[in-house]
Amino acid sequence: MDQCATRFRGRVEGAKRTPITVENEDALETETQTLSTLEQQRPNWLSIWMLASFFLVALAAGAAVFVRPGHALTAFGDFLQVFLVAVAVVVFLNNAFITRGHVRGFWFLMSLGTGLWLASLLLWAYFEVLLREPLPDLAFGDALLFLKLVPIAAALALQPEVADSHQPRIFGFLDLSLLLIYWLYLYAFWVLVYNLIPGNSGIYNFHFNAIDAVGNAILLVAVGIAALRTKGAWRRLYRIYFAAAALYNLASNLSNVAIDLRKYYTGSLYDVPLIAAMAGFGCLGFAGRQLGVAQLPRLAGSAREVSMESKKAIFWTSRLAMAATLSTPAIGLWLLFAKNMPGELLRFRILATLVTMLALTALLLIKQDRLSADLLRSLEKASQTYANLTRFRDQLIQSEKLASLGQLVAGVANEIKKALTAALEYSTRLNAQSSADVKIQSMVGKIDHYARRTSVLVENMLSFAQETPLLLAPMDVKPVVERALNLSRAGKNAQIRIELAQENNVPLIAGDASQLLQVFLHVIGNAVDALTESAGGELHITIRGAHRLVEIEFADTGPGMEDAERVFEPFYTTKAVGKGTGLGLSTCYGIITRHGGQIICRNRPEGGAVFTVLLPCAEGQTVPASVMIPLAVRET
């Protein structure tokens, strides 16, 4: 039996302090400076441990050279190895407590693996030191040695060097779990089965040493690949890890040769590389403890750079897991037709194969469920993106229509305005002549009246064409809504009840009060017209702040809009001829768009229309919330 292997080779991947998620960058910088100051005030445990490691390795080498083999040397060697691995376990656990997320999982799995290593060393020390007997061939102790690879390889799958959490890591972890189960199956199939048959201890030891050496070599290669594809502070940690693992492999190979030559004993020179490797694992833990928050930006960049390599690794892991899953039933078929195999050996291998197939199938079902859920989420996101693109296309078409029509309307309105200016000037001159005939004065008065009325229409056309400049200033939107209610005819109808409410703390907006007043007047006027046609009802106006926007919602209980998607199209109107031009809501759309906001129309399921105005808030103070205030209803 490989004595060095029995002491369990610890595989510890380098780790860092987990990224601290802070939404506010100033808070992150302050916390980083605070933690950096605390780190500077603490003792440099890595340097201290490195000095202690050099001393302990030199002490072990001196004891191996100058102390005669015996119980004292054995006790010293066992105690030193237990101490070094125990320190590594404690440091790893401490790192798990001070980190979070998948980095915490990494440290916890590494502490679990080194804990199995420590358990095997304690078992060895119990027999050699307390009982003063050589360690017998215990299947339990060998299982502890072999199971070391399971949590350590799982820790590698967590990819702690990747700062951001991404979905492929989950599937990579599931694929690696499939491989780990298959690896345990190979151990039971190739090694453990010979421990159950008396008289096969030589075959059992050979198979165990072979599979343990293969597992250690594979994991060493995996750590080396991780060190090559990782940048920043994690590369330094992976290098420390690789050096410690390489020392262990050297110690394992030397011990195997010494065991074959019957020259190995605890505390000999063959244990010096092993002790150096154990000390290296401790250095890895202390180096990971020193990985500070100040390196987070560089680590995040490194994570982005290694994302493609991570996906490639996950791809190959998935293919290997697929091959392992397919090979298991193939091995079962081979067992069914196997000849010249003892019955007890055959039954155990068939049972192990069936259990493994059941476990692999369960993991495949979990992976398929995760893939299906991820596919559904992707389909939902795609559908939402398509809907957003359709909405954006409609808004773009609407904007293009308004832009083209606005240029035409602006030109026509300016020409009409020139003619109206001349007509009003001439009517003023005629009115100034007191000798004019009464009929002429009456006619002139009508001309003046209709000219001014047409002038108002022209101003609306120019506003629609966005010829009127915006005068933006920080303002509270509620007084503007209240003024629009006072100027409208809403309060003159006793059958209409209006409620105005402001929720939460509403921020100020950067707006043009006069043009927003025009928007609110038009929306309220449309609601009043709709409620009047339906013999009364209610109009609820709600002002709220949400996600750096101020939302003003006008909800009435009227009949609703016939075609809510077309209400903002130019010259679209549902009013009778002579009562509407179809430019009012188009003008409102243009005004809100120029403010950087949105105006949306929809019908309520229970009846009525809802106009929602969204305006970006201005940086500054907020307006305190107020309760709902029913407006007084004035009778006609």
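1. Contacts come first. A contact means heavy atoms within 4.5 Å. In the protein, 79% of the contacts with a separation of 6 or more join residues 24 or more positions apart.

2. A word on the source. This is a predicted model, in which local features need pLDDT of at least 70, side-chain atom pairs count only at pLDDT 80 or more, and totals for chains, interfaces and linings use all residues. Residues are numbered from 1 along each chain as its sequence is written, and side-chain values use heavy atoms, with hydrogens and water left out.

3. The protein has 17 helices and eight strands. These are DSSP runs, numbered from the N terminus: helices are H or I with at least four residues, strands are E with at least two.

4. Of the 636 residues, 45% are buried (under 20% relative accessible area, 1.4 Å probe, protein chains only). The protein exposes about 33,300 Å², an area from the Shrake-Rupley method with a 1.4 Å probe. Carbon and sulfur atoms supply 63% of that area.

5. How many cavities of 30 Å³ or more does a search of the whole structure find? The search finds one. A cavity is a set of points on a 1 Å grid, over the protein atoms alone, where a 1.4 Å probe fits but cannot get out. The largest cavity has a volume of about 50 Å³, the space filled by probe spheres set on the points.

6. Look at the lining of the largest cavity (residues with an atom within 4 Å of a point). Helix 4 (71-98) and helix 11 (272-289) each supply at least two residues. Helix 4 gives the most, with four. The lining includes Phe 76, Leu 80 and Asp 271.

Technical notes:
Buried means under 20% relative accessible area, exposed over 50%, partly exposed in between (1.4 Å probe, protein chains only). On a 1 Å grid over the protein atoms alone, a cavity is a set of points where a 1.4 Å probe fits but cannot get out, and a pocket is an open set with protein on both sides within 12 Å along at least five of seven lines; lining residues have an atom within 4 Å of a point.
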